Amino acid sequence: MSKKKNKLLRVIISVALWLFAALWYAPIFWMFSTSLKESTTATSEYPPKWIPDNPTLDNYKRIFAPASGISVSKGIINSLIVSILGTLAGLVVAVPAAYALSRLKFKGKKVVFWSYVAVLAFPGIIFLIPHYFIIYRLGLMDTLAALILPGLGGTFGVFLLRQYMLGIPRELEDAAWIDGCSKLRFLVTIVVPYIKPAMIVLGLMSFLGYWNSFLWPLLVLSSPEKFTLPIALVRFNAGWGDPYRGIGTLMAGAFISVAPVLVIFIVFRKYLMQGIYLGSVGKE
Amino acid sequence: MAEKTDILMEKQLKKMRMKRILKRELGAWGFLLPHFFFFVLFIVIPVVYGFVMSFYRWSLLGTTRFVGLDNYVRIWNDSRFWQSVKNTVLFAIISIPLVMAVSMIFALLLKKKWYGKLWLLVAFVSPTFFSSVGVLTTWRWIFSSAPNGLLNYYLTKLGLLKQPISWFETPARAWACIIGVTVWWIIGFSILLYLGALQRIPPEQYEAAKIDGAGPWAQFIHITLPWMRNVLFFDVVRQVLLAFGLFDQVYFFTAGGPAGSTRTMVYYLYMVGFERQQLGRAAAISWYMFIIIFGFALINLFILTKSIRGAEGE
């Protein structure tokens, strides 16, 4: 009897939580709903309607037609290029570095390691102005490379991977030495598979970081064909009631910027949880 | 004679050892080098450069001139700077405890078994991972001052508002919007952190407390909080860095207005550095920010050091 009662209580509270979650997510629903309306309708209809009277995909068509000089589809492509290349390049440089700092002996290791750690405590804003100047001096202003390169020097990824690599059993390494395995082969065939979860977490965080980045691209990009999605959207938007670049189109663009993240989130949710464990390595 | 060969052999051995060490060193540095190159170029040099720049009148075009402490003095004497400091600190003081409390409530709720728990998690956590453009343009649309702006519409309908209002018109209202949206947006990461920590608390702890007759509140104070101390500490530091970096919300909602009342330190830096192209002075602002955040940076470093030592100390 009491078990049944418990179950009933659980159902009731679950439903209450669902309703609250739906309310919490209302902005996202509203974004999607508006994206299906003509801008003129969206700004003039009273009362505002959650389900559009005449849902239309025109807004999505409009942002993909580069008629206004700024192409959102180009923005998506640029964002993808930056996010994917940045993430891959980040892993390619961070994994060997983490390996060197966790498993190899060399002169200056301590100094390097502790300077890597010290940098983690620096607020990112310190780097903004100098990065801007360095990118300018390297002649990389208004290029996609300018969005990727500065991130490669970050030490968080190296640190995270290193902590994870410390868990590789010594015996595994000794066995590999006896087999005459080279360091590089050991790294590729044994270390990389072992740290795969950490790499996926880091990769996802890095991808999202590049995908969502706003202030930095806003500063270094100036020509429309280089714009990433967030910048294209901000620049694309004109008045709210504008039938071509108004709120409907803006919300369509916003939805497109959010949708892949939502999909990634749902697909990789297990790894995100794991990432939190990793991110708080030794935090207790 | 035998001694001589010994010496020779020793020399030979030494040479071989040197070679091996050299090879080892080169090998290890080979692994480190690709990352180290970018580390020097985009971390070490910028720190040094940023420091040097702050003593110059510096813009991309035009001449560069050494001005000593002039940048620092001018910023010190600029009332707009102090207003931005005040705004940022106030934002941190209000938003951080709020974000942490809300996250804690959600984490405690989501720890339990519910039907469709995964979808609850998605709803509360995913916004953290959405882009500022996606999130903030949508909220700006919700805050529309028109009668059919979503918030205006529901509040007038509920009778809480007599007529539609303009949400970013007064400082208090603008801040309420910024803080509200910030909470909505960023609690996700904290929820994940707290959930992770909650799951690591051994259940026996609670059972023992229950036997001792401790209520839910007492359990929370005497078991949950102490067990989460380190995660909470970590999160405070993270939140402080985040709060001092506040820019996007201001950029999208108010552009610092009304009358500079929502101008934050990063926004001030953005204005000086990029709207007025005074990079040297902007660099000086970032060092002021560094000093203000320094205490927290130290705490951050301390936690990291402790955790590294902990991981190695086995």
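What percentage of the 314 residues of chain B count as buried?

Reply: Of the 314 residues of chain B, 38% count as buried. A residue is called buried if 20 or more other C-beta atoms lie within 10 Å of its own, exposed if 12 or fewer do, and partly exposed in between, with C-beta atoms placed from the backbone. This is a predicted model, in which local features need pLDDT of at least 70 and side-chain atom pairs count only at pLDDT 80 or more, while totals for chains, interfaces and linings use all residues. Residues are numbered from 1 along each chain as its sequence is written, and chains are lettered from A and ligands numbered from 1 in the order in which they are written.

The secondary structure may be considered next. Chain B contains 12 helices and two strands; these are DSSP runs numbered from the N terminus, with helices (H or I) of at least four residues and strands (E) of at least two. Along the sequence the pattern is α-β-β-α-α-α-α-α-α-α-α-α-α-α. Chain B is more spread out than a compact globule, because its radius of gyration is 27 Å, well over the 20 Å that the globule rule gives for 314 residues. The radius is taken over C-alpha atoms, and the rule is 2.2 Å times the number of residues to the power 0.38. Along the principal axes, the C-alpha atoms of chain B fill a box of roughly 110 × 75 × 30 Å.

The chain is also divided into domains, whose bounds come from an automatic or database domain assignment. For chain B this gives domain 1 (2-53) and domain 2 (72-312). Their C-alpha centres lie 44 Å apart.

The contacts of the chain follow. Two residues are in contact if their C-beta atoms, placed from the backbone, lie within 7 Å. Among contacts in chain B with a separation of 6 or more, 65% are between residues 24 or more positions apart.

A nonpolar core is a set of buried Ala, Val, Leu, Ile, Met, Phe, Trp, Tyr and Cys residues joined through C-beta atoms within 7 Å. The largest such core has 149 residues, and the members touching the most others are Ala97(A), Leu161(A), Leu233(A), Ile191(B), Tyr194(B) and Leu269(B). Helix H7 (residues 171-199) of chain B supplies the largest share of this core, 14 residues. At least three residues of the core come from each of domain 1 (2-53) and domain 2 (72-312) of chain B. Leaving aside residues up to four places away in sequence, Ile191(B) touches Ser103(B), Phe106(B), Ala107(B), Leu110(B), Phe124(B) and Val125(B).

Confidence is expressed by pLDDT, the predictor's confidence in each residue, from 0 to 100. Chain B has a mean pLDDT of 87, and 97% of its residues reach 70 or more. Within chain B, confidence is highest in helix H3 (residues 79-111), at 94, and lowest in helix H12 (residues 279-312), at a mean of 80. The model scores ipTM 0.85 and pTM 0.85.

Chain A may be set beside this account. It has 16 helices and zero strands, and 43% of its 284 residues are buried. Its radius of gyration is 24 Å, whereas a compact globule of 284 residues would have one near 19 Å. The mean pLDDT of chain A is 85, and 90% of its residues reach 70 or more.
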